2 protein chains.
Amino acid sequence: MNEVLSLLKNHRSIRKYSSQPVTPMQVEEIIQAAQMASTSSNVQAYSVIAVSELQLKERLAGLCGNQAYVSECPVFLVWCADLSRLKSAAERHLQDRETYEGTTENFMVATIDAALAAQNAAVAAESMGLGIVYIGGIRNKIEEVAELLGLPELVYPVFGMCIGYPDQEPGQRPRLPLEAVLHWNKYDSECSNAAVNQYDEVMSDYLRKRSGGAKDTPWSVLMAEKLAQPSRLHMREFLQRRGFELK
Amino acid sequence: MNEVLSLLKNHRSIRKYSSQPVTPMQVEEIIQAAQMASTSSNVQAYSVIAVSELQLKERLAGLCGNQAYVSECPVFLVWCADLSRLKSAAERHLQDRETYEGTTENFMVATIDAALAAQNAAVAAESMGLGIVYIGGIRNKIEEVAELLGLPELVYPVFGMCIGYPDQEPGQRPRLPLEAVLHWNKYDSECSNAAVNQYDEVMSDYLRKRSGGAKDTPWSVLMAEKLAQPSRLHMREFLQRRGFELK
């Protein structure tokens with residue numbers, strides 16, 4: 001196995017950081033690596049807000065559901081889907097032509113562009129000895145986050161990412177068996193479902209060991225709870241207000 | 001600069017492949033690395049269809065807008081957002097409880113999960129000496145692709161990815177200046193727009209050199225064309241038919 005594969009396979013989310021700072025130069029190095037990820041037709045429809053001010057991180061930590069590591073990490077990155085830069089750049093060439101930035105397709109392009117760049121950033125950061133954790137909680141109070149960071153129309157925060165030097169060595173959570181996610185030439189529900197049953201046992205064992213016997217809820221039960229729980233129902237209206245009409 | 005950073009920064013999309021095969025074991029290695037990417041609350045809401053059958057690749061190439069490399073590459077991966085596995089796993093625990101899989105939030109979670117895993121796969125493949133190119137064209141005739149691959153409800157193809165040993169050495173397309181995408185503590189439109197003007201010149205130069213003087217359209221003009229062009233307007237209705245209601 002080569003060094004890159006070991007790095008990828010060794011990933012675990014880090015939620016506790018040492019006091020060692022992350023320099024602006026390191027952040028720039030990470031974002032430059034992120035920029036080299038593929039992008040749909042070279043639109044590069046994403047932006048990153050690197051948050052280093054303590055007060056701002058504290059406000060964001062509160063808005064993300066009081067996740068302390070958002071304020072404790074040296075740098076908190078907010079990954080945004082960004083069609084605003086595109087629109088501004090295009091505007092002077094458009095005269096009165098109709099434009100289609102509000103489509104579901106363009107929403108997807110910008111969201112995917114942000115995610116591909118972010119994952120490159122995650123890998124880059126880990127290669128430098130840093131640890132990261134993605135923060136979906138940035139979408140809890142997304143309107144407030146957008147205002148706090150001064151995001152213009154057609155820009156929305158997709159997720160956050162804490163970055164810092166690890167001060168913990170968490171165990172690695174097992175993933176679904178390969179057969180659950182990899183299909184050859186045709187989608188195979190039966191094979192995938194059988195693998196899920198196997199995973200239920202693996203995850204119960206893992207949780208039981210990690211919690212000293214206190215927890216052992218199978219994955220499928222956790223997923224049932226998740227699906228039965230309404231989550232971030234404000235998303236569609238928020239996006240529409242921001243110009244992502246999802247037409 | 002460490003080895004991982006050089007790999008990331010050296011990325012270019014590969015659209016011409018040698019006849020050297022990619023083995024199923026290599027594909028498994030790549031997908032295992034993909035699986036270690038972060039995933040929202042461990043939902044792992046994505047699946048990959050690895051297409052190796054020539055006839056199937058040829059059908060897909062046609063559906064992707066006749067991109068020859070889709071049939072010429074040894075393995076074509078179709079990355080899918082997948083809430084179906086989650087729903088099946090959850091179902092027996094849910095009895096008659098209402099579920100919320102059709103929200104915009106869950107659509108985003110599954111799409112982002114697929115993208116993060118795919119970018120890990122891209123990096124893994126490149127670390128093994130392989131080349132890749134993302135294929136957004138999979139969304140051109142997305143309904144036909146979904147049927148061809150036997151995708152159940154709540155699964156949709158996000159993008160394709162050709163994989164194979166490179167038989168070309170394309171130049172690297174310059175990216176936007178760092179200042180266009182990286183903001184500190186607050187979104188800065190002015191700085192971003194100034195960087196775009198600079199990029200217009202860089203890209204014109206790049207295109208002029210690459211085309212021997214035949215092309216030099218600035219980036220902002222290309223983006224104007226893109227925004228003025230309706231693209232994949234079927235996406236929302238397709239997603240809704242597939243259970244992604246975007247509520």
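In the predicted model, Lys87(A) and Glu101(A) form a salt bridge in which the closest N and O atoms are 2.9 Å apart; a salt bridge is here a side-chain nitrogen of Lys or Arg within 4 Å of a carboxyl oxygen of Asp or Glu. Lys87(A) belongs to helix 5 (residues 84-94) of chain A and Glu101(A) to the loop between helix 5 and helix 6 (104-127) of chain A, so the pair ties together parts that are 14 residues apart in sequence. Helices (H or I, at least four residues) and strands (E, at least two) are DSSP runs, numbered from the N terminus. Over all chains, the structure holds 26 salt bridges.

This is a predicted model, in which local features need pLDDT of at least 70 and side-chain atom pairs count only at pLDDT 80 or more, while totals for chains, interfaces and linings use all residues. Residues are numbered from 1 along each chain as its sequence is written, chains are lettered from A and ligands numbered from 1 in the order in which they are written, and side-chain values use heavy atoms, with hydrogens and water left out.

Between chain B and chain A, 120 residues of chain B are in contact with 120 residues of chain A, contact meaning heavy atoms within 4.5 Å. The area buried between the two chains is about 10500 Å², of which carbon and sulfur atoms give 62%; buried area is the accessible area (1.4 Å probe) that two parts lose on being put together, summed over both. In chain B, the most area is lost to chain A by Asn185(B), Tyr187(B) and Leu227(B), together 8% of what that side buries.

Ten salt bridges are counted between chain B and chain A. Lys9(B) forms a salt bridge with Glu29(A), with the closest N and O atoms 2.6 Å apart. Helix 6 (residues 104-127) of chain B supplies the largest share of the side of chain B that touches chain A, 15 residues.

Strand 5 (residues 182-184) of chain A and strand 1 (residues 46-51) of chain B run parallel and are joined by three bridges; strands pair if DSSP finds at least two bridges between them. His183(A) stands opposite Ile49(B) in strand 1 of chain B.
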